[in-house]
Amino acid sequence: MEKIREVAATIPPEDVFRPDADLGPLTRYLQTQEPTGLTLRVPTLVAQGTDDTLVSKPSTDHLVSSLCEKHPSIGYQVYEGADHRETVAGSLHDAEQFVDALSSGRTPDASC
């Protein structure tokens with residue numbers, strides 16, 4: 001993935017899109033994929049590794065901050081030294097506790 005990012009950074013946008021291209025459909029689609037626009041209906045746990053190169057911690061911090069403005073039931077756990085895959089395994093205990101709280105009728109701890 002890092003190689004793709006490196007190559008993509010060398011390609012000027014005008015080499016990808018015609019100057020007269022209608023970017024409206026693409027822009028609308030990308031807006032539907034923007035996670036800050038989510039309407040969360042259940043408590044949600046977000047897990048982030050500090051060494052994740054696929055999803056950066058600053059972008060997740062921003063996402064959680066934006067979601068907290070509308071949905072105060074966000075849990076956010078950060079795993080020091082974990083990359084993207086290691087975060088999945090590293091978050092297992094916290095995810096189990098989160099689900100256990102919900103299953104027993106308790107409200108999980110929120111980070112907002």
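**Exercise 1.** Which strands are included in what covers the buried residues of helix 3?

*Solution.* The model is predicted. Start with the buried residues. In helix 3 they are Thr 60, Leu 63, Val 64, Ser 66, Leu 67 and Cys 68. Next, look for what covers them. The cover includes strand 1 (44–49) and strand 2 (74–79).

**Exercise 2.** Find the disulfide, then give its handedness and its place in the chain.

*Solution.* Apply the cut-off: the two cysteine sulfur atoms must be within 2.5 Å. The sulfur atoms of Cys 68 and Cys 112 are 1.9 Å apart, so the pair forms a disulfide. The count is 1 disulfide. Now take the angle about the S-S bond. It is -65°, and the link of Cys 68 and Cys 112 is left-handed. Then place both ends. Cys 68 sits in helix 3 (residues 57–70). Cys 112 sits in the segment after helix 5 (92–103).

**Exercise 3.** Classify Cys 68, Cys 112 and Arg 85 as buried, partly exposed or exposed.

*Solution.* Buried means under 20% relative accessible area, and exposed means over 50%. Cys 68 has 17%, so Cys 68 is buried. Cys 112 has 46%, so Cys 112 is partly exposed. Arg 85, in helix 4 (residues 84–90), has 72% and is therefore exposed.

Methods. Residues are numbered from 1 along each chain as its sequence is written. This is a predicted model: local features need pLDDT of at least 70, side-chain atom pairs count only at pLDDT 80 or more; totals for chains, interfaces and linings use all residues. Side-chain values use heavy atoms; hydrogens and water are left out. Helices (H or I, at least four residues) and strands (E, at least two) are DSSP runs, numbered from the N terminus. Buried means under 20% relative accessible area, exposed over 50%, partly exposed in between (1.4 Å probe, protein chains only). Contact means heavy atoms within 4.5 Å.
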